[in-house]
Amino acid sequence: MHASLKDIRVSFGSLVAVDNVSLEIAAGGIHAVVGENGAGKSTLMNVLFGLVRPQAGGIEIDGRPCSWASPQDAIASGLGMVHQHFMLQDDMTVLENIVLCAEPVSRFGFVDFAGARRKLAAGFAEHGIAIDLDAVVGELAVGQRQVVEILKMLYRDARLLILDEPTAVLTPQEKDRLFAILRSFAAGGKSVVIITHKLDEVMEIADHVSVMRGGRLISSGPLGDTSKEQIAREIIGGDLPPARKPQPREPGRRVLAVSGLATTSRSGPVGPVSFEVRAGEVVGIAGVSGNGQAELIQALTGLRKATAGAVALEDRDILALDVAGRRHAGISYIPEDRQRMGLALGATVSENANAGREDRAGFAAGPFLRRRAMADFARGLIERYRIRAGGPAARASTLSGGNKQKLVVGRELARKAPLIIAENPTWGVDIGAIDFIHGELMRMRDEGHAVLLVSTELDEVMALSDRILVMFEGRIAGEVAGPDATRKELGRLMTSRTGGTAEAA
C-alpha cells in the first residue's frame, strides 16, 4: 500500500501541531518518523488513521483521494495502528480484545472463537509468540499488553501498519521478534510506519526516515543517505549533549531498607528481596520484563499487598501505610504507566501538576483552591521541563506521550521527597528530553536524595546507577557496581541465578 499525506495542517487552539506537512509512505518498506516530543509525529499519523481531522490537506491511498469519517473507515481500507498508549479493554481476555469489532461469526450466528484461536495459533507458530489467550488483559504486564495490541492489527491483515513507540516496553528478545515480523510484513509488499525515539532501532530496521520538529517536516529520505548523528542533530536542532556518568561520591544515611520483602504475581512468587538505598546514590534495578520488578515496586509504593518482610523509610516502618500514607512519609513515584497511574487525563495540566503536593497552603485557602497559584506552579514546570502544552488550563489528554511523561517527572521531582522511585522514567521521550530527565535525576542524587531506578533500558541503568541489582524470576540474582557494569555481565545475570544469592544487602 502506498500512502500520501499532502499539505496536512492540524492545530489545537493556538497550538499548531502539524504545519503543512507532505509525506510519502512507499509500499514494501519500513518508514521511521522521528522527532522531539510534541513535534507532530503522532498527530500526523493520527490524521492518516482517521483519529484526527486536519484543518487543511488531504490523503491519497494508492493514488486515490481518501477521506476518513472515523478510524473504522481507515481499518476497512487496510490500515492498522498500534498506539503508544494501549487501546485495550482491561476486563476482557486477550482473545476477546484481539477479535473485538472483527469477530468471526459461525454459520449459527455465534462468535467463532475456535476459528480465531486456530488463526492465531498459526501466527504464534510462525512468529514464535507465546501469550495466554484466556488471560484477562488488566492482569498482564505492560510488555504483554503491547503484544496484544500488535496481534490485533496482525489478526486484521492490515496492509499499512502504523506503530507508535512499539518497543518502548519490550524486552530485547521481544523487540527482535517484532522486527522479524515487521520485516516479513514489508517483504510481502505492505507498508510499515514506526514512530520512535530510539535511533539505534531506526538504523537497524528502517528503509526510510523522516524527521519532524515543531510541527514541520525537517527532512525525509532513504536511510542510506543520512546517519545517526545527522538525524539526532535534525531532531534537536543542534549538537548532541555529551554522555552522562555519575561522579563518584560517598553515599549518606540509609533512606530505604527492604528486608525479606515478598509478594505474589500471576507468574509466581516475588521475593524474598532485601536491599537498601542510601542518600546521594542511585540504585538501579535491571531485568527482563516480567521478572518481578513491577510487583516489587508496587509492594514498595503500597499498590500491591506484601506477603512477608519489612520496608523502612528513614527508619520508619511504612509497610502498614497505604499509597497516600507512603507518599506523605517521603516517597515520590514516577510510574511506568503515565496514562492509567501518573495522570488524570480529564483534568488540566495545572491540576495534575499540583496533585499530591504537601504544601497545601501554597495552593489552597481552607476548602478553596487558589487557581492562580496552582497555574503559576504549573507554568514553572512547563518552562523548566520544556513541556509542549497549550498552557496550565489545557487538558492533560491533549499532551503528547512524551510531554505527559515530562509533566509526571516534573511534578514528582518537585516534591523533593527523600526517596524517588523512577520506573522507566524516559519511556517515550525524545533524546533531548532523555538527557534532561537524566540530568534532573542526577541532580536529585547529588542534592542528597535516594533514587531507586527501574528501567528496561540497560544503557539508562548503566549510565545513572551507582549500584545495579539484577532481578531474575522474582529474586535478586546479583549486584554489580555501576562503574564496573557491562552489558555482557548484566545480560548473564538477567537470564540465570548464577551471578549471586537470592538477596542483596
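Which residues are buried in H13?

Reply: This is a predicted model. In H13, the buried residues are Ala-373, Met-374, Ala-375, Ala-378, Leu-381 and Ile-382. They pack against helix H12 (349-354), strand E18 (368-369) and H14.

What follows H13 takes part in two ring contacts. Tyr-385 lies in the loop between helix H13 (371-384) and helix H14 (401-414). Tyr-385 forms an aromatic pair with Phe-436, with 5.1 Å from centre to centre and 85 degrees between the planes, which makes the pair edge-to-face. Because Phe-436 belongs to helix H15 (residues 431-446), the pair ties together parts that are 51 residues apart in sequence. The count of aromatic pairs comes to one. Both partners are buried: Tyr-385 has 3% relative accessibility, and Phe-436 has 16%. The cut-off that applies here is under 20% relative accessible area.

Arg-386 also follows H13, and its phi is positive, near 50 degrees. Arg-386 lies over the face of Phe-436, at 4.7 Å from the ring centre. The ring of Phe-436 thus has Tyr-385 as its edge-to-face partner and Arg-386 over its face. Another contact between a charge and a ring involves Lys-119, whose charged end sits over the ring of Tyr-155, 4.4 Å from its centre.

Five of its five residues are buried, so E13 is largely enclosed by the rest of the structure. Val-282, Gly-284 and Ala-286 point one way from E13, while Val-283 and Ile-285 point the other way. In general, side chains of a regular strand alternate between the two faces of the sheet. E13 runs parallel to strand E20 (residues 450-454), and four bridges join the two. E13 is also joined by four bridges to strand E21 (residues 467-472), again in parallel. Gly-284 has a bridge partner in each of these strands: Leu-453 in E20 and Ile-468 in E21.

A separate sheet is open and antiparallel, with four strands in the order E12-E11-E14-E15. Its edge strands are E12 (268-278) and E15 (316-317), each pairing on one side only. Strand E14 (residues 308-313) is joined to E15 by two bridges, and the two run antiparallel. Helix H9 (residues 293-301) lies across E12, E14 and strand E11 (254-265), running at about 120 degrees to E11.

Ser-191 is found in strand E8 (residues 191-195), and its relative accessible area is 0%. Among the residues that Ser-191 touches are Met-1, His-2, Gly-28, Arg-159 and Phe-185.

Notes. Residues numbered from 1 in each chain as written. Predicted model: local features only at pLDDT ≥ 70, side-chain atom pairs only at ≥ 80, totals over all residues. Heavy atoms only, no water. Pairing = 2+ DSSP bridges. Contact = heavy atoms within 4.5 Å. Axes fitted to C-alpha atoms, helices over the stretch in contact; angles between N-to-C directions. Buried < 20%, exposed > 50% of the residue type's maximum accessible area, 1.4 Å probe, protein only. Phe/Tyr/Trp six-rings, centres within 6.5 Å; stacked < 30°, edge-to-face > 60°. Lys NZ or Arg CZ within 6 Å of the ring centre and 35° of its normal. Lists of a residue's contacts leave out its neighbours within four places in sequence.
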